[in-house]
Amino acid sequence: MQSTLVTVRIGAMPPPRLDKALARDVPEAAALSRTRLARLIAEGLVTVNGTAVTDAKARVAEGDIAVITVHEADESHIAPEDIPLEVVFEDDDLIVVNKPAGMVVHPAPGSPGGTLVNALLHHFGGALSGVGGAKRPGIVHRIDKDTSGLLVVAKSDRAHHGMAAQFERHTVDRAYLALCHGVPDQADPRLGGVRGVSFETGNVMKITTQLARHKTDRQKQAVLFQGGRHAVTRVRLLERFGQPPVVALVECRLETGRTHQIRVHMAHVGHGLIGDPVYGGRRKLSEKAVSAAAVDAAHAFPRQALHAAILGFDHPVSGEPMRFEAALPTDFATLLGALRG
(Lines give C-alpha, C1' and ligand atoms only; values in the text may rest on other atoms or scores of the structure.)
Protein backbone atom coordinates (compact mmCIF):
# COMPACT_ATOMS: atom_id res chain seq x y z
CA MET A 1 0.00 0.00 0.00
CA GLN A 2 1.43 3.37 -1.01
CA SER A 3 1.59 6.09 1.64
CA THR A 4 2.17 9.81 1.88
CA LEU A 5 4.05 11.52 4.69
CA VAL A 6 2.70 14.86 5.91
CA THR A 7 5.09 16.84 8.12
CA VAL A 8 3.65 19.39 10.54
CA ARG A 9 5.57 21.85 12.69
CA ILE A 10 3.54 22.79 15.77
CA GLY A 11 3.08 26.55 15.91
CA ALA A 12 2.97 29.01 18.77
CA MET A 13 0.55 28.54 21.68
CA PRO A 14 -0.69 25.10 20.59
CA PRO A 15 -3.97 23.65 21.86
CA PRO A 16 -3.52 21.24 24.79
CA ARG A 17 -4.23 18.08 22.74
CA LEU A 18 -2.28 16.56 19.88
CA ASP A 19 -5.34 16.06 17.66
CA LYS A 20 -6.43 19.69 18.11
CA ALA A 21 -2.91 20.99 17.52
CA LEU A 22 -2.57 18.96 14.33
CA ALA A 23 -6.02 20.06 13.13
CA ARG A 24 -4.92 23.67 13.58
CA ASP A 25 -1.48 23.41 11.98
CA VAL A 26 -1.76 20.69 9.32
CA PRO A 27 -1.62 22.14 5.77
CA GLU A 28 -5.14 22.61 4.41
CA ALA A 29 -4.13 20.89 1.19
CA ALA A 30 -3.62 17.66 3.14
CA ALA A 31 -7.41 17.57 3.63
CA LEU A 32 -7.18 15.95 7.07
CA SER A 33 -10.08 16.64 9.42
CA ARG A 34 -9.67 16.44 13.18
CA THR A 35 -11.75 13.24 13.19
CA ARG A 36 -9.46 11.62 10.63
CA LEU A 37 -6.37 12.84 12.47
CA ALA A 38 -7.63 11.26 15.69
CA ARG A 39 -8.12 7.99 13.83
CA LEU A 40 -4.61 8.14 12.36
CA ILE A 41 -3.18 8.80 15.82
CA ALA A 42 -5.05 5.81 17.26
CA GLU A 43 -3.72 3.63 14.43
CA GLY A 44 -0.13 4.54 15.32
CA LEU A 45 0.41 6.52 12.14
CA VAL A 46 1.58 9.74 13.82
CA THR A 47 5.00 10.41 15.31
CA VAL A 48 6.06 13.43 17.34
CA ASN A 49 9.79 14.18 17.30
CA GLY A 50 10.37 10.66 15.99
CA THR A 51 8.30 8.80 18.60
CA ALA A 52 4.96 7.19 17.78
CA VAL A 53 2.04 8.69 19.70
CA THR A 54 -1.30 6.88 19.94
CA ASP A 55 -3.10 9.16 22.41
CA ALA A 56 -5.01 12.02 20.76
CA LYS A 57 -4.93 13.86 24.10
CA ALA A 58 -1.14 13.86 24.29
CA ARG A 59 0.40 17.26 24.90
CA VAL A 60 2.66 18.96 22.37
CA ALA A 61 4.83 22.05 22.43
CA GLU A 62 5.69 24.80 19.99
CA GLY A 63 8.33 23.60 17.55
CA ASP A 64 7.50 19.89 17.85
CA ILE A 65 7.65 18.07 14.52
CA ALA A 66 4.82 15.64 13.80
CA VAL A 67 4.90 13.26 10.86
CA ILE A 68 1.60 11.75 9.70
CA THR A 69 1.51 8.65 7.52
CA VAL A 70 -1.50 8.75 5.22
CA HIS A 71 -2.18 5.56 3.28
CA GLU A 72 -3.42 5.69 -0.27
CA ALA A 73 -7.19 6.04 -0.40
CA ASP A 74 -9.39 3.00 -0.53
CA GLU A 75 -11.84 2.66 -3.38
CA SER A 76 -14.38 5.44 -2.98
CA HIS A 77 -17.93 4.45 -2.10
CA ILE A 78 -19.16 7.81 -3.39
CA ALA A 79 -21.49 7.40 -6.36
CA PRO A 80 -20.61 9.15 -9.62
CA GLU A 81 -23.36 11.57 -10.64
CA ASP A 82 -24.00 13.00 -14.08
CA ILE A 83 -23.79 16.64 -13.04
CA PRO A 84 -22.72 19.24 -15.63
CA LEU A 85 -19.22 20.61 -15.10
CA GLU A 86 -17.59 23.63 -16.70
CA VAL A 87 -14.05 22.41 -17.31
CA VAL A 88 -11.73 25.34 -18.01
CA PHE A 89 -8.56 23.27 -18.46
CA GLU A 90 -7.50 19.63 -18.43
CA ASP A 91 -4.31 17.67 -19.03
CA ASP A 92 -2.86 14.42 -17.68
CA ASP A 93 -2.23 15.92 -14.23
CA LEU A 94 -4.74 18.70 -13.60
CA ILE A 95 -8.30 19.84 -14.08
CA VAL A 96 -9.44 23.43 -13.55
CA VAL A 97 -13.20 23.83 -13.11
CA ASN A 98 -15.52 26.80 -12.74
CA LYS A 99 -17.75 25.73 -9.83
CA PRO A 100 -21.29 27.11 -9.75
CA ALA A 101 -22.70 28.63 -6.58
CA GLY A 102 -24.74 26.13 -4.59
CA MET A 103 -22.42 23.15 -5.20
CA VAL A 104 -20.59 21.62 -2.23
CA VAL A 105 -17.02 20.58 -3.04
CA HIS A 106 -17.02 17.16 -1.36
CA PRO A 107 -19.54 14.96 0.51
CA ALA A 108 -20.10 15.70 4.17
CA PRO A 109 -22.88 15.21 6.71
CA GLY A 110 -25.92 16.97 5.27
CA SER A 111 -24.48 16.93 1.74
CA PRO A 112 -24.01 13.26 0.78
CA GLY A 113 -24.52 13.85 -2.94
CA GLY A 114 -24.68 16.46 -5.66
CA THR A 115 -21.13 17.55 -4.88
CA LEU A 116 -18.21 18.45 -7.09
CA VAL A 117 -16.60 15.11 -6.19
CA ASN A 118 -19.69 13.21 -7.39
CA ALA A 119 -19.48 15.11 -10.66
CA LEU A 120 -15.73 14.56 -11.00
CA LEU A 121 -16.12 10.82 -10.48
CA HIS A 122 -18.67 10.70 -13.30
CA HIS A 123 -16.62 12.73 -15.75
CA PHE A 124 -13.13 11.44 -14.91
CA GLY A 125 -13.69 8.07 -13.21
CA GLY A 126 -10.61 6.81 -11.43
CA ALA A 127 -8.34 9.42 -13.02
CA LEU A 128 -8.15 11.49 -9.82
CA SER A 129 -5.46 11.75 -7.19
CA GLY A 130 -6.10 9.62 -4.09
CA VAL A 131 -4.11 11.88 -1.77
CA GLY A 132 -7.20 13.62 -0.44
CA GLY A 133 -8.72 10.37 0.81
CA ALA A 134 -11.72 8.43 -0.42
CA LYS A 135 -14.14 11.29 0.20
CA ARG A 136 -11.96 13.94 -1.42
CA PRO A 137 -10.25 12.41 -4.46
CA GLY A 138 -8.28 15.06 -6.32
CA ILE A 139 -9.37 17.90 -4.04
CA VAL A 140 -6.43 20.22 -3.36
CA HIS A 141 -8.36 23.22 -2.01
CA ARG A 142 -11.96 24.29 -1.52
CA ILE A 143 -14.31 27.21 -1.89
CA ASP A 144 -17.57 27.60 0.00
CA LYS A 145 -20.78 26.04 -1.27
CA ASP A 146 -22.32 29.38 -2.17
CA THR A 147 -19.16 30.90 -3.62
CA SER A 148 -18.72 30.50 -7.35
CA GLY A 149 -15.52 30.27 -9.35
CA LEU A 150 -12.26 28.52 -10.07
CA LEU A 151 -10.85 25.37 -8.45
CA VAL A 152 -7.87 23.23 -9.42
CA VAL A 153 -8.26 19.44 -9.06
CA ALA A 154 -5.37 16.95 -9.15
CA LYS A 155 -5.54 13.91 -11.44
CA SER A 156 -2.14 12.54 -10.43
CA ASP A 157 -0.59 12.21 -6.99
CA ARG A 158 2.53 14.08 -8.16
CA ALA A 159 0.33 16.99 -9.21
CA HIS A 160 -1.51 16.88 -5.87
CA HIS A 161 1.72 17.07 -3.88
CA GLY A 162 3.08 19.79 -6.16
CA MET A 163 -0.04 21.92 -5.84
CA ALA A 164 -0.20 21.33 -2.09
CA ALA A 165 3.35 22.65 -1.77
CA GLN A 166 2.44 25.81 -3.67
CA PHE A 167 -0.60 26.44 -1.48
CA GLU A 168 1.55 25.88 1.61
CA ARG A 169 4.15 28.39 0.33
CA HIS A 170 1.35 30.88 -0.47
CA THR A 171 2.55 31.22 -4.07
CA VAL A 172 -0.83 30.47 -5.69
CA ASP A 173 -2.46 33.63 -7.05
CA ARG A 174 -6.12 33.70 -5.96
CA ALA A 175 -8.28 36.75 -6.59
CA TYR A 176 -11.96 37.01 -5.73
CA LEU A 177 -14.52 39.63 -6.71
CA ALA A 178 -16.96 40.63 -3.99
CA LEU A 179 -19.71 43.15 -3.31
CA CYS A 180 -19.61 44.51 0.21
CA HIS A 181 -21.57 46.89 2.40
CA GLY A 182 -19.87 50.27 2.68
CA VAL A 183 -16.63 51.36 1.01
CA PRO A 184 -13.28 50.08 2.35
CA ASP A 185 -11.13 53.14 1.69
CA GLN A 186 -7.94 54.41 3.31
CA ALA A 187 -9.67 57.79 3.60
CA ASP A 188 -12.08 56.31 6.14
CA PRO A 189 -10.60 57.17 9.58
CA ARG A 190 -12.62 54.38 11.22
CA LEU A 191 -10.52 51.72 9.50
CA GLY A 192 -7.37 53.15 11.07
CA GLY A 193 -8.69 52.04 14.44
CA VAL A 194 -9.57 48.47 13.45
CA ARG A 195 -7.08 45.99 14.83
CA GLY A 196 -5.30 43.98 12.16
CA VAL A 197 -5.86 46.56 9.40
CA SER A 198 -3.11 48.37 7.52
CA PHE A 199 -2.88 49.96 4.09
CA GLU A 200 -0.36 49.35 1.33
CA THR A 201 0.44 51.32 -1.81
CA GLY A 202 -2.53 51.85 -4.10
CA ASN A 203 -5.18 52.01 -1.35
CA VAL A 204 -4.87 48.25 -0.78
CA MET A 205 -6.24 47.26 2.62
CA LYS A 206 -4.31 44.44 4.30
CA ILE A 207 -6.14 42.45 6.97
CA THR A 208 -3.89 40.33 9.21
CA THR A 209 -5.41 38.22 12.02
CA GLN A 210 -5.63 34.71 13.35
CA LEU A 211 -8.74 32.66 12.56
CA ALA A 212 -10.27 29.79 14.51
CA ARG A 213 -13.59 28.03 14.87
CA HIS A 214 -16.12 30.10 16.78
CA LYS A 215 -16.44 29.08 20.43
CA THR A 216 -20.22 28.73 20.44
CA ASP A 217 -21.20 28.41 16.77
CA ARG A 218 -19.20 25.57 15.22
CA GLN A 219 -20.35 26.52 11.72
CA LYS A 220 -18.58 29.88 11.93
CA GLN A 221 -15.02 31.17 12.07
CA ALA A 222 -13.90 33.91 14.44
CA VAL A 223 -11.14 36.51 14.37
CA LEU A 224 -8.44 36.09 17.04
CA PHE A 225 -5.10 37.71 17.71
CA GLN A 226 -3.64 34.84 19.73
CA GLY A 227 -3.92 31.17 18.81
CA GLY A 228 -5.81 30.04 15.73
CA ARG A 229 -4.31 30.07 12.25
CA HIS A 230 -2.54 32.99 10.59
CA ALA A 231 -4.67 34.65 7.91
CA VAL A 232 -3.90 37.51 5.51
CA THR A 233 -6.31 39.08 2.99
CA ARG A 234 -5.64 42.07 0.73
CA VAL A 235 -8.60 44.12 -0.49
CA ARG A 236 -8.52 46.55 -3.41
CA LEU A 237 -11.40 48.94 -4.08
CA LEU A 238 -12.61 48.70 -7.70
CA GLU A 239 -15.91 50.55 -7.83
CA ARG A 240 -18.35 52.26 -5.47
CA PHE A 241 -22.11 52.62 -5.77
CA GLY A 242 -24.66 55.03 -4.35
CA GLN A 243 -25.00 58.67 -3.35
CA PRO A 244 -23.52 58.58 -0.79
CA PRO A 245 -21.60 55.36 -1.61
CA VAL A 246 -23.05 52.41 0.32
CA VAL A 247 -21.77 49.41 -1.67
CA ALA A 248 -18.39 48.59 -3.19
CA LEU A 249 -17.04 46.12 -5.71
CA VAL A 250 -13.70 44.90 -4.36
CA GLU A 251 -10.98 42.48 -5.36
CA CYS A 252 -9.79 40.25 -2.52
CA ARG A 253 -6.49 38.42 -2.81
CA LEU A 254 -5.65 35.57 -0.48
CA GLU A 255 -2.17 35.20 0.95
CA THR A 256 -3.47 32.35 3.10
CA GLY A 257 -6.55 30.22 2.48
CA ARG A 258 -8.53 29.64 5.66
CA THR A 259 -12.15 28.56 5.95
CA HIS A 260 -14.48 31.53 5.27
CA GLN A 261 -11.43 33.80 5.30
CA ILE A 262 -12.67 36.61 3.05
CA ARG A 263 -16.15 36.59 4.54
CA VAL A 264 -15.03 36.75 8.16
CA HIS A 265 -12.26 39.28 7.44
CA MET A 266 -14.62 41.61 5.60
CA ALA A 267 -17.13 41.38 8.45
CA HIS A 268 -14.34 42.07 10.96
CA VAL A 269 -13.53 45.40 9.28
CA GLY A 270 -17.21 46.38 9.06
CA HIS A 271 -17.70 45.61 5.36
CA GLY A 272 -19.63 42.32 5.34
CA LEU A 273 -20.55 40.87 1.97
CA ILE A 274 -23.90 41.47 0.33
CA GLY A 275 -26.11 38.40 0.81
CA ASP A 276 -23.87 36.67 3.35
CA PRO A 277 -26.28 34.92 5.75
CA VAL A 278 -23.59 34.10 8.30
CA TYR A 279 -21.29 37.12 8.50
CA GLY A 280 -23.12 39.84 6.57
CA GLY A 281 -25.53 40.83 9.31
CA ARG A 282 -28.96 42.18 8.47
CA ARG A 283 -27.84 45.39 6.79
CA LYS A 284 -30.07 46.68 4.02
CA LEU A 285 -29.41 49.24 1.36
CA SER A 286 -31.19 52.57 1.48
CA GLU A 287 -33.34 53.74 -1.44
CA LYS A 288 -32.01 57.21 -0.68
CA ALA A 289 -28.57 56.05 -1.82
CA VAL A 290 -29.30 53.58 -4.65
CA SER A 291 -32.26 52.80 -6.87
CA ALA A 292 -35.24 50.76 -5.70
CA ALA A 293 -34.25 48.13 -8.27
CA ALA A 294 -30.78 47.85 -6.71
CA VAL A 295 -32.26 47.61 -3.21
CA ASP A 296 -34.60 44.82 -4.33
CA ALA A 297 -31.82 42.97 -6.17
CA ALA A 298 -29.49 43.10 -3.17
CA HIS A 299 -32.24 42.05 -0.76
CA ALA A 300 -33.16 39.09 -2.97
CA PHE A 301 -29.58 37.95 -3.62
CA PRO A 302 -29.57 34.39 -2.23
CA ARG A 303 -25.90 33.96 -1.32
CA GLN A 304 -22.73 35.82 -0.44
CA ALA A 305 -21.65 37.97 -3.39
CA LEU A 306 -18.26 36.30 -3.79
CA HIS A 307 -16.68 34.84 -6.92
CA ALA A 308 -13.27 33.18 -7.35
CA ALA A 309 -12.34 35.03 -10.53
CA ILE A 310 -8.60 34.44 -10.97
CA LEU A 311 -6.43 31.40 -10.27
CA GLY A 312 -2.74 31.37 -11.10
CA PHE A 313 0.02 28.87 -10.32
CA ASP A 314 3.00 27.03 -11.80
CA HIS A 315 2.07 23.70 -13.33
CA PRO A 316 3.22 21.21 -10.66
CA VAL A 317 4.79 18.86 -13.22
CA SER A 318 5.98 21.00 -16.14
CA GLY A 319 6.64 24.19 -14.18
CA GLU A 320 4.79 26.25 -16.80
CA PRO A 321 3.11 29.40 -15.41
CA MET A 322 -0.67 29.09 -15.70
CA ARG A 323 -3.40 31.67 -15.17
CA PHE A 324 -7.16 31.31 -15.50
CA GLU A 325 -10.04 33.77 -15.29
CA ALA A 326 -13.75 33.06 -14.83
CA ALA A 327 -16.37 35.61 -15.81
CA LEU A 328 -18.99 36.61 -13.27
CA PRO A 329 -21.95 34.21 -13.07
CA THR A 330 -25.35 35.52 -14.15
CA ASP A 331 -26.71 36.25 -10.67
CA PHE A 332 -23.66 38.29 -9.65
CA ALA A 333 -23.56 40.14 -12.98
CA THR A 334 -27.27 40.96 -12.70
CA LEU A 335 -26.84 42.41 -9.21
CA LEU A 336 -23.84 44.42 -10.36
CA GLY A 337 -25.85 45.75 -13.30
CA ALA A 338 -28.67 46.84 -10.97
CA LEU A 339 -26.19 48.72 -8.80
CA ARG A 340 -24.65 50.42 -11.81
CA GLY A 341 -28.05 51.22 -13.25
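Predicted model: local features only at pLDDT ≥ 70, side-chain atom pairs only at ≥ 80, totals over all residues.
Biologist: Which residues is Ser198 in contact with, leaving aside its neighbours within four places in sequence?

Modeller: Contact means heavy atoms within 4.5 Å. With those neighbours in sequence set aside, Ser198 is in contact with Val204, Met205 and Lys206.

Biologist: Moving to α1, how many of its eight residues are buried?

Modeller: The buried residues of α1 are Leu18, Asp19, Ala21, Leu22, Arg24 and Asp25. What covers them includes β1 (3-9), α2, β2 (46-48), β4 (65-71) and β12 (229-241). Helix α1 is largely enclosed by the rest of the structure, because the buried ones among its eight residues number six.

Biologist: At roughly what angle do the axes of α1 and α2 cross?

Modeller: Axes are lines fitted to C-alpha atoms, for helices over the stretch in contact, and angles run from 0 to 180 degrees between N-to-C directions. Angles under 35 degrees count as roughly parallel, over 145 as roughly antiparallel, 65 to 115 as roughly perpendicular and the rest as oblique. That makes α1 and α2 oblique to each other. The axes of α1 (residues 18-25) and α2 (residues 34-42) come within 9 Å and cross at roughly 130 degrees.

Biologist: How many residues in the contact of α1 with α2 are charged?

Modeller: Leu18, Asp19, Lys20, Leu22 and Ala23 in α1 meet Arg34, Leu37, Ala38 and Ile41 in α2. Ala, Val, Leu, Ile, Met, Phe, Trp, Tyr, Cys and Pro count as nonpolar, Asp, Glu, Lys and Arg as charged, and the others, Gly among them, as polar. On that basis this contact has six nonpolar residues and no polar ones, and the number of charged residues is three.

Biologist: Which helix do the buried residues of α6 pack against?

Modeller: In α6 (residues 292-300), Ala294, Val295 and Ala298 are buried. These three lie on the same side of α6, because they cover an arc of only 100 degrees around the axis, where the arc is that of the directions from the helix axis to the C-beta atoms. The helix they pack against is α7.

Biologist: Are α6 and α7 roughly parallel or roughly antiparallel to each other?

Modeller: Their axes come within 8 Å and cross at roughly 155 degrees. The contact is made by Ala293, Ala294, Ala297 and Ala298 of α6 and Leu335, Ala338 and Leu339 of α7, and it divides into seven nonpolar, no polar and no charged residues. Going by the angle, the two helices are therefore roughly antiparallel.

Biologist: How many of the eight residues of α5 are buried?

Modeller: The buried residues of α5 (residues 261-268) are Gln261, Ile262, Arg263, Val264, His265 and Met266. Their cover includes β8 (173-181), β10 (204-213) and β14 (306-314). Helix α5 is thus largely enclosed by the rest of the structure, with a count of buried residues of six.

Biologist: Does Lys57 count as buried or exposed?

Modeller: Lys57 sits in the loop between β3 (51-52) and β4. Not counting residues up to four places away in sequence, Lys57 touches Pro16, Arg17 and Leu18. Because its relative accessibility is 56%, Lys57 counts as exposed.

Biologist: And what is the relative accessibility of Asn98?

Modeller: Asn98 belongs to strand β6 (residues 94-99). Beyond its neighbours within four places in sequence, its contacts include Glu86, Val88 and His307. Asn98 counts as buried because its relative accessibility is 14%.

Biologist: One last stop: which peptide bond is cis, with omega near 0 degrees?

Modeller: Look in the loop between β12 and β13, where Pro244 is found. The cis bond is the one from Gln243 to Pro244.

Conventions:
Residues numbered from 1 in each chain as written. Heavy atoms only, no water. Buried < 20%, exposed > 50% of the residue type's maximum accessible area, 1.4 Å probe, protein only. Helix = DSSP H or I, 4+ residues; strand = E, 2+ residues; numbered from the N terminus.
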